[in-house]
Amino acid sequence: MCSIKCCPLLRRLCCHRSRSFSTTAAKLSLPRGKNAEELPPGAGPPPAPDAARAHEAAVRRLAAAGDVDGVQLALQEMRLRGVPCTEGALVAAIGTFARAGAPDRALKTFYRAVHDLGCARPTAPRLYNHLIDALLRENMVAAVVPVYENMKKDGVQPNVFTYNLLVKALCQNDRVGAARRMLDEMARKGCPPDDVTHTTIVSALCKHGRVDEAREVLAAALPVCAAHNAVVLALCREFRMQDTFLIVREMVQRGLQPTVITYTTIVDAFCKAREMRTAFAIVARMVVTGCTPNVATFTALVKGLFDCGSVHDALGMWKWMVAEGWAPSTVSYNVLIRGLCSIGDLKGALSVLNSMEQHDDCFPNVRTYSTLIDGFSKAGDLDGAISIWNDMTGAGCKPNVVVYTNMVDVFCKMLMFDQAENLIDKMIFENCPPNAVTFNTLIKSLCDCGRVGRALGVFHDMRRHGCPPNDRTYNELLHGLFRDGNREDALQLVIEMRNHGMELSLVTYNTVVSGLCQMKMSREAVLFLGRMIVQGIRPDAFTFNAMIHAYCKEGKIRMAAWMLGGMNAVNCPRNIVAYTLLMAELCNQHRLEDAMVYLLKMLYEGIYPNTATWNVLVRGAFRNLGCIATIDLIQNITTDLSAGTEVHYSHS
């Protein structure tokens with residue numbers, strides 16, 4: 001195996017400030033009456049061409065250094081000296097503004113080019129292409145259209161690079177159909193699409209789940225590995241492996257050799273499906289065809305082995321990978337840390353973190369710390385989770401919403417609700433808005449601790465922070481309100497769900513039915529059960545068990561038995577819990593013989609008693625010591641079951 005070295009990672013976190021700009025200028029066409037020789041009024045005679053070239057060289061040097069303000073001052077000096085701005089200087093300036101995340105400056109500079117800077121009206125698409133590219137870097141798709149319209153108005157014919165940028169803009173704006181129609185325009189203008197054009201459209205179609213359409217475009221496109229790999233990835237996500245292998249075969253037929261990306265995508269799909277034998281077979285095929293696996297390939301195998309529970313093999317694969325010279329990436333380390341945390345080896349996970357910190361080319365990222373915090377939290381080591389959090393913030397790694405939510409969960413487990421709420425406030429201050437999972441974590445913990453009033457306060461804050469509650473939010477609050485005996489607010493919350501256009505799910509109905517049953521309101525619970533069936537939501541075993549338990553607590557054996565019989569009517573198999581609840585109440589009412597009838601029915605249906613069932617029957621037998629025949633029957637059943645003999649008792 002050849003040794004492949006990882007390229008040094010660029011350790012730089014750039015926080016791009018959001019900038020606003022006016023698109024009024026974008027709607028203005030460049031004046032046609034001016035040219036490079038016409039200078040601003042009062043500027044004096046035209047300077048020598050050498051002055052323009054010298055200033056262009058200065059702008060280029062400043063642009064190469066990334067000095068945005070210096071470029072701006074250089075352009076201003078050209079205007080004051082009456083030196084016309086060359087297209088090369090303008091291109092360099094726009095590129096600098098784009099890299100600095102300042103497309104507003106690029107746009108304003110472009111439209112000032114003729115008015116103030118004496119730049120000749122562009123006759124080639126080069127300048128327009130750089131401006132469109134600058135706008136797309138910041139996803140300012142809406143500003144691209146007027147620039148393109150001005151380009152056509154000024155008589156500049158777009159080239160293939162222009163069209164590729166427009167196709168990219170349309171795809172970013174979820175207008176893939178319009179992007180496909182752009183191919184027809186290119187054909188009419190005599191500008192044939194290249195591999196970038198087709199790859200952009202194919203990738204966009206795959207991103208939106210329109211894989212079959214992507215395959216149509218792929219069949220008519222130039223044979224390009226990147227486009228085929230995009231389709232392979234989309235098919236693997238849906239685990240359509242037969243179609244995936246057809247695409248690989250088409251690649252070979254069209255003269256393309258599957259790349260390491262192609263094979264690694266397929267290997268990863270089989271690893272996620274926990275079909276490790278097939279994954280290793282693909283790697284073997286890969287090597288036979290002369291395609292060397294890379295660190296991503298082995299990382300997928302390590303992750304798959306961990307997910308399958310083959311910890312020893314996963315660690316062995318990792319050690320072999322490192323020994324053979326494949327330097328692990330940050331992604332690889334994250335997979336190893338996640339696997340170690342999943343088996344509770346937190347000490348080993350911390351050791352891996354220390355190894356990462358000692359390498360100059362592989363640094364922990366936000367996912368690394370998030371995985372460790374989650375691992376320590378699930379292991380119950382909350383102090384360890386807080387220590388990792390402190391290490392993360394101390395290393396200058398900015399938390400994301402996942403890490404913040406994990407820390408909210410840690411504080412909730414420690415009953416430090418003030419700190420949890422303060423952390424949510426910090427998220428908002430740091431421009432990392434909390435999502436529904438964040439709020440639900442806090443609401444659930446508050447409800448579990450009986451602090452439903454405070455949970456309702458958090459609930460009302462959600463919309464104020466631009467995060468609408470979801471069905472889980474309501475379900476947690478409903479559970480807490482019913483447990484507190486607050487039926488009125490719980491039912492009002494159900495009405496509020498409907499008012500906001502939310503459909504009541506099976507979980508919501510079960511929460512309401514169970515809550516009403518706990519409050520001995522079986523009649524109201526039955527009404528909700530009926531409404532549930534009318535809306536096409538089939539009750540499950542939890543629903544019926546709650547109803548049977550409620551009727552049994554009220555001593556309504558007939559209704560409980562009727563509910564047990566109704567389970568088959570909605571194709572809900574009867575279960576051991578329902579039978580045990582019914583038999584327990586029959587025994588409480590000294591009806592041991594009737595309880596035995598249900599025991600026989602249960603056995604006839606292939607449902608065998610558990611410890612709870614036998615405890616109920618034994619207690620019932622001791623209360624009814626006069627029922628010798630019934631006790632003998634219990635003894636016979638237990639003897640047959642312990643001997644493994646199939647039970648054949650009449651249940652009539």
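Analyst: A term to start with: helices (H or I, at least four residues) and strands (E, at least two) are DSSP runs, numbered from the N terminus. This is a predicted model, where local features need pLDDT of at least 70, side-chain atom pairs count only at pLDDT 80 or more, and totals for chains, interfaces and linings use all residues. Residues are numbered from 1 along each chain as its sequence is written, and side-chain values use heavy atoms, with hydrogens and water left out.

User: How many helices and strands does the chain have?

Analyst: There are 34 helices and zero strands.

User: What share of the chain is buried?

Analyst: Of the 652 residues, 46% are buried. Buried means under 20% relative accessible area, exposed over 50%, partly exposed in between (1.4 Å probe, protein chains only).

User: Now voids. How many cavities of 30 Å³ or more turn up?

Analyst: One, from a search of the whole structure. The largest cavity has a volume of about 30 Å³. On a 1 Å grid over the protein atoms alone, a cavity is a set of points where a 1.4 Å probe fits but cannot get out; a pocket is an open set with protein on both sides within 12 Å along at least five of seven lines; lining residues have an atom within 4 Å of a point. Grid points are joined across faces, edges and corners, and a volume is the space filled by probe spheres set on the points.

User: What lines the largest cavity?

Analyst: Asp-268, Cys-271, Lys-272, Ala-300, Lys-303, Gly-304 and Asp-307. H13 and H15 are the elements that give two or more residues to that lining. H15 has the largest share, four residues. By class, the lining has two nonpolar, one polar and four charged residues. For the classes, Ala, Val, Leu, Ile, Met, Phe, Trp, Tyr, Cys and Pro count as nonpolar, Asp, Glu, Lys and Arg as charged, and the others, Gly among them, as polar.

User: And what volume does the largest pocket have?

Analyst: About 660 Å³. It is lined by 25 residues, and the closest to its centre are Asp-268, Lys-272, Lys-303, Val-331 and Val-335. The lining divides into eight nonpolar, nine polar and eight charged residues.

User: Which helix gives the most to that pocket lining?

Analyst: H17, with six residues. H17 (330–342) is one of the helices that each supply at least two residues, including H11 (225–237), H13 (260–272) and H15 (295–307).

User: At what angle do H13 and H15 pack?

Analyst: About 0°, with their axes 9 Å apart. Axes are lines fitted to C-alpha atoms, for helices over the stretch in contact, and angles run from 0 to 180 degrees between N-to-C directions. H13 and H15 are therefore roughly parallel. Angles under 35 degrees count as roughly parallel, over 145 as roughly antiparallel, 65 to 115 as roughly perpendicular and the rest as oblique.

User: Which residues make the contact?

Analyst: From H13, Val-260, Thr-264, Val-267, Asp-268 and Cys-271; from H15, Ala-296, Thr-297, Ala-300, Leu-301 and Gly-304. Contact means heavy atoms within 4.5 Å.

User: Is Thr-265 buried or exposed?

Analyst: Thr-265 is buried, at 15% relative accessibility. This residue is in helix H13. Not counting residues up to four places away in sequence, Thr-265 touches Val-232, Leu-233 and Cys-236.

User: Backbone next. What is phi of Phe-239?

Analyst: Near 55°, a positive value in a residue other than glycine. Most residues other than glycine have a negative phi. Phe-239 lies in the loop between H11 and H12 (241–253).
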